[in-house]
Amino acid sequence: MAVRVGIVGIGHTRFGNSSEYDLADVLAYAATDALQDAGFLEHRKEVDQVFVANMASGLFCHQSAVASAMVSRLDMEPVPAELVENGPASGASAVKLGYMAVASGMADVVLVVGGEIMRKVSGWNATDIVSTMLDTDTEYAMGLTLPGFGGMFTRLYMEKYGLTERDLALLAVKNHDNGAKNKYAHIQATCTIDAIADGPEADVVNNYIAEPLRMYSTCPVSDGAAAVLLVNMDSPKAKRFAKRPVRVAGVASATDTHCVHNRADPLQLTAVRIAAEKAYKMAGLTPKDISFAELHDAFSILELAISEEVGFFDRGKSFLAVRKGETALGGRLPINTSGGLKSKGHPVGATGVSQVVELVRQLRGEAETGRQVKDPKYGMSVNFGGFGNNVVAVICAKD
Amino acid sequence: MIDFSMYDVKVPKILGYQCDQCGTKYYPAPMICSKCGHRRDPVTKRHWTTFELEGPCTLLTWTRVWNLPEGYNKKFLQFGIVQFENGLRASGRVEVDEPKTGLKLTASVEESDERPGKPVKIFVFK
């Protein structure tokens with residue numbers, strides 16, 4: 001029987017502007033929270049492995065080898081530590097590698113920390129740095145950016161399925177409602193449909209970023225970190241932790257063409273579908289079993305498209321469910337209870353870990369008042385790298 | 001943009017690649033042909049044919065980007081994905097006043113020196 005892997009500790013900084021701080025400190029802060037949450041801070045040198053997820057500290061902060069820096073900041077030497085880089089999916093990739101380390105028998109306790117400081121540079125520079133994940137000659141050189149691909153994807157979806165800009169605004173309203181109650185969110189403020197879509201000033205308040213995507217359909221540039229402590233639930237060590245483990249029931253990833261233009265159907269996010277199918281199979285679950293989900297809404301359209309690819313809704317139907325409130329808190333299937341990337345923020349290296357932290361908070365029943373899903377059993381996260389060319393799905397279970 | 005008509009220099013080209021073994025066309029070039037498994041050697045360039053990728057194409061989708069990265073001193077730029085008559089697709093700049101999905105365009109290659117560093121080749125769809 002395969003080893004059961006569980007999460008016994010979680011940590012999270014408030015996302016936002018932490019540009020005055022050192023990245024190693026921000027990572028170490030979230031890691032300390034996770035170790036403390038697990039009641040393992042004094043025993044931190046007994047951690048078998050540390051994985052640090054980060055996308056581009058060399059470009060954002062002119063800093064490399066951040067795993068070594070963080071371990072030293074935590075006084076954890078000689079614990080082994082490595083950096084995991086997989087674009088904006090670095091976080092969930094690190095969780096996956098942590099799972100693999102425990103499942104393989106090489107480690108019983110693994111600390112996974114994801115973080116990014118993006119706001120040390122200007123917004124224009126940050127957009128450029130994030131764009132370096134695109135194909136160098138055929139996309140980046142053209143001047144393309146991630147919002148550019150988000151805009152082109154949105155147009156295709158709108159023309160095929162009848163999605164409107166107002167539908168995208170409804171997603172922003174929903175996610176800001178959730179994020180306003182999340183103590184870790186970057187933007188803890190609600191917005192109204194009148195302000196960003198229906199009212200006379202909406203065009204100014206909610207200006208275009210990459211047509212037809214507007215500002216309220218695009219995530220902010222954020223700093224922050226998140227951490228989880230993974231353990232072998234079947235090891236005698238499992239009894240040493242203060243918190244009951246939340247089991248990682250499924251974790252899987254998949255890749256797609258690096259160049260977006262080479263996809264046979266540019267509206268299909270094949271890597272999302274394959275990663276989710278593999279995660280369901282590993283967990284022995286189907287989409288109907290999932291109680292709530294954290295989906296990578298760097299652009300609001302992605303929340304819709306991902307929710308269809310993972311099997312929650314038929315193709316082209318997810319926005320109809322949003323109109324009916326099915327994905328709101330209290331709805332049939334709450335999505336992005338944390339506020340999502342739109343409201344909680346998107347420090348690229350942190351996001352995948354942050355999504356898993358939200359799964360654990362909800363499954364433990366520790367979300368803030370007004371944001372807690374009622375009696376959830378299974379939570380799913382999808383962390384989306386590149387423009388869908390490297391995707392990780394995680395399913396956590398409350399046993 | 002650099003106007004190459006003023007100088008006696010080589011006009012920039014973007015190349016497509018064709019596997020000599022099975023005839024499948026690619027852009028950009030893969031290391032291994034996904035259809036027949038034939039390997040490409042980027043050093044000797046043997047057994048793969050290159051061809052200039054330009055000319056008539058159809059606009060599949062497009063966007064107008066208002067938050068450009070550092071280096072682009074423009075209010076906005078338009079981008080799109082097109083399909084060439086040989087079936088290959090490419091991303092690049094769209095330089096028409098009113099883009100529309102399905103629009104017939106012509107692709108040409110220009111050099112851009114907007115970003116720091118060496119100039120790069122870009123597709124312009126007009």
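Predicted model: local features only at pLDDT ≥ 70, side-chain atom pairs only at ≥ 80, totals over all residues.

Visitor: Turning to the backbone at prolines, which peptide bonds are cis?

Guide: One of them runs from Glu211(A) to Pro212(A), with omega near 0°, and Pro212(A) sits in the loop between β5 and β6 (213-214) of chain A. Another joins Tyr27(B) and Pro28(B), again with omega about 0°, and Pro28(B) belongs to the loop between β2 and β3 of chain B.

Visitor: How should I read the sheet that those strands of chain B belong to?

Guide: The general idea is that strands of a sheet pair through backbone hydrogen bonds, either parallel or antiparallel. In chain B, three strands form an open sheet in the order β2-β1-β3, with antiparallel pairing. Because β2 (25-26) and β3 (48-52) of chain B each have a single partner strand, they stand at the edges, and one side of each is left without a neighbour in the sheet. Strand β1 (residues 15-19) of chain B pairs with β2(B) over two bridges, and Gln18(B) stands opposite Lys25(B) in β2(B).

Visitor: For helices, at what angle do α7 and α11 of chain A cross?

Guide: The axes of α7 (residues 165-179) and α11 (residues 300-309) of chain A come within 9 Å and cross at roughly 95°, which makes α7(A) roughly perpendicular to α11(A), since angles of 65 to 115 degrees are given that description. On the α7(A) side the contact is made by Leu168(A), Leu171(A) and Ala172(A), and on the α11(A) side by Ser300(A), Ile301(A) and Glu303(A). By class, this contact has four nonpolar, one polar and one charged residues.

Visitor: Stepping back to the whole of chain A, how many helices and strands are there?

Guide: Chain A has 14 helices and 11 strands. Its radius of gyration is 19 Å, close to the 21 Å that the globule rule gives for 399 residues, so chain A is as compact as a globular protein of that length. Buried residues make up 64% of the 399 residues, and, of the contacts in chain A with a separation of 6 or more, 78% are between residues 24 or more positions apart.

Visitor: Finally, how many residues of chain A are in contact with chain B, and which elements supply them?

Guide: In chain A, 30 residues are in contact with 24 residues of chain B. The elements that each supply at least two residues of this side of chain A are α5 (123-131), α6 (146-161) and β5 (208-210), and the largest share, seven residues, comes from α6(A). By class, the side of chain A that touches chain B has 13 nonpolar, 11 polar and six charged residues.

Conventions:
Residues numbered from 1 in each chain as written. Chains lettered and ligands numbered in written order. Helix = DSSP H or I, 4+ residues; strand = E, 2+ residues; numbered from the N terminus. Rg over C-alpha atoms; globule rule 2.2 N^0.38 Å. Buried ≥ 20, exposed ≤ 12 C-beta atoms within 10 Å, placed from the backbone. Contact = placed C-beta atoms within 7 Å. Nonpolar A, V, L, I, M, F, W, Y, C, P; charged D, E, K, R; others polar. Axes fitted to C-alpha atoms, helices over the stretch in contact; angles between N-to-C directions. Parallel < 35°, antiparallel > 145°, perpendicular 65-115°, else oblique. Pairing = 2+ DSSP bridges.
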